[in-house]
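Reader: I have a structure to look at and some questions about it. Could we go through them one at a time?

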Amino acid sequence: MQAWQVHENGEPSEVMRLEDVARPEPGDGQVLLKVRAANINFPDVLMCRGHYQVRPPLPFTPGVEICGETEDGRRVIANPALPYGGFAEYAVADAAALLPAPDSLDDAEAAALHIGYQTGWFGLHRRAGLEAGETLLVHAAAGGVGSAAVQLGKAAGATVIGVVGGADKAAVARELGCDVVIDRRAADVVASVKEATGGRGADVIYDPVGGEAYTQSTKVVAFEGRIVVVGFASGTIPSPSLNHALVKNYAILGLHWGLYNTKNPKLVQHCHEQLTELAARGAIKPLVSERVPLGEAAAAVQRVGDGVTTGRVAVVPQNGVEA
């Protein structure tokens, strides 16, 4: 089979190589899956660079989220068991963690329903307790993680403010349903949020960016607001001033979704049931901006790393056509 292999760490476009390799052999409790679509996530970029908290042994195949097909023909959503990731024709995954792919979504959309939407659901509902009528601020609202949070926020009855970088991304954020869109390249984020909220600020802030975005969050978080720290796509990890959180009476909440797979896997299943229901009634629908064939995966991963994509980019191994 064909699979992308990383033999050394560096930029994805430089270190990912498409090679002919043997199909992976499933271990105990694992299954072999035919990859129908693999979604590109920022952790794939970080793993190529050697900067992610999980460091699979070299060489490895990136791709942490797929829609696959079992040997008996079932469509499933899975997190491949590294080093046999999803940017390949076949991957392996833990049998106990397979989730049914919703009938309402095609392969690329189903692959994109998992990590970003699970992270959004856990962040907004489990950690922040978002309530209908509250104001939600989403940084990088046109990206893969942000777009999921925007849709989930709207589905929960929140007013959603989306922060993006550039006019093209602003247009995407509006199409996703943001009530207010702020282009950080053209407007002052802090002043714009205060204006949009009558000076009150945002009740919940969803931050996959870190760096300057986090600093802005601390200036616009409402009384009893919650800042959900999801990641650091900016490359800068903030050092919060806890006296500021004390004085302004807000909470800083960390979210590492992957921990729930071991700490509370039943909650992951419950979340998937909630997401499947939302997808079935059209309340959420993953934004897949590109579907690329397997041979173009390295370039696509690099684009995600460079921050020039919107929504999700999916790798579809069967010649770019979903089978």
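Reader: Which residue is the bridge partner of V76 in β7?

Author: This is a predicted model. In it, β5 covers residues 75–78, and two bridges join β5 to strand β7, residues 99–100, with the strands running antiparallel. The bridge partner of V76 in β7 is P100.

Reader: Which residue of β5 is the bridge partner of E69?

Author: Strand β4 (residues 66–69) pairs with β5 in the antiparallel sense, over four bridges. The bridge partner of E69 in β5 is R75.

Reader: In the hairpin of β4 and β5, which residue takes a positive phi near 90°?

Author: Five residues lie between the strands of this hairpin. The one with a positive phi near 90° is G73.

Reader: Which residues of helix α2 are buried?

Author: Helix α2 spans residues 42–49. Its buried residues are covered by elements that include β1, α1, β2, β3 and α12. To count as buried, a residue must have under 20% relative accessible area. In α2 these are D44, V45, L46, M47 and C48.

Reader: Is α4 parallel or oblique to α5?

Author: Helix α4 (residues 115–127) packs against helix α5 (residues 144–155) at an angle of about 50°, and their axes are 8 Å apart. An angle under 35 degrees would count as roughly parallel, and one of 65 to 115 as roughly perpendicular. The angle here therefore makes α4 oblique to α5.

Reader: How many charged residues are in the contact of α4 with α5?

Author: On the α4 side the contact is made by G116, Y117, G120, W121 and L124, and on the α5 side by A148, A149, Q151, L152 and G153. By class, six are nonpolar and four are polar, and the number of charged residues is none.

Reader: What is omega for the cis peptide bond that joins L58 and P59?

Author: P59 is in the loop between α2 and β4. The bond joining L58 to P59 is cis, and its omega is about -10°.

Reader: What is omega for the cis peptide bond from L82 to P83?

Author: P83 belongs to the loop between β5 and β6. The peptide bond from L82 to P83 is cis, with omega near 15°.

Reader: Is N249 buried or partly exposed?

Author: N249 is in the loop between α9 and β13. Its phi is positive, about 60°, although N249 is not a glycine. Buried would need under 20% relative accessible area, and exposed over 50%. N249 has 37% relative accessibility, so it counts as partly exposed.

Note on methods
Residues numbered from 1 in each chain as written. Predicted model: local features only at pLDDT ≥ 70, side-chain atom pairs only at ≥ 80, totals over all residues. Heavy atoms only, no water. Buried < 20%, exposed > 50% of the residue type's maximum accessible area, 1.4 Å probe, protein only. Contact = heavy atoms within 4.5 Å. Pairing = 2+ DSSP bridges. Axes fitted to C-alpha atoms, helices over the stretch in contact; angles between N-to-C directions. Parallel < 35°, antiparallel > 145°, perpendicular 65-115°, else oblique. Nonpolar A, V, L, I, M, F, W, Y, C, P; charged D, E, K, R; others polar.
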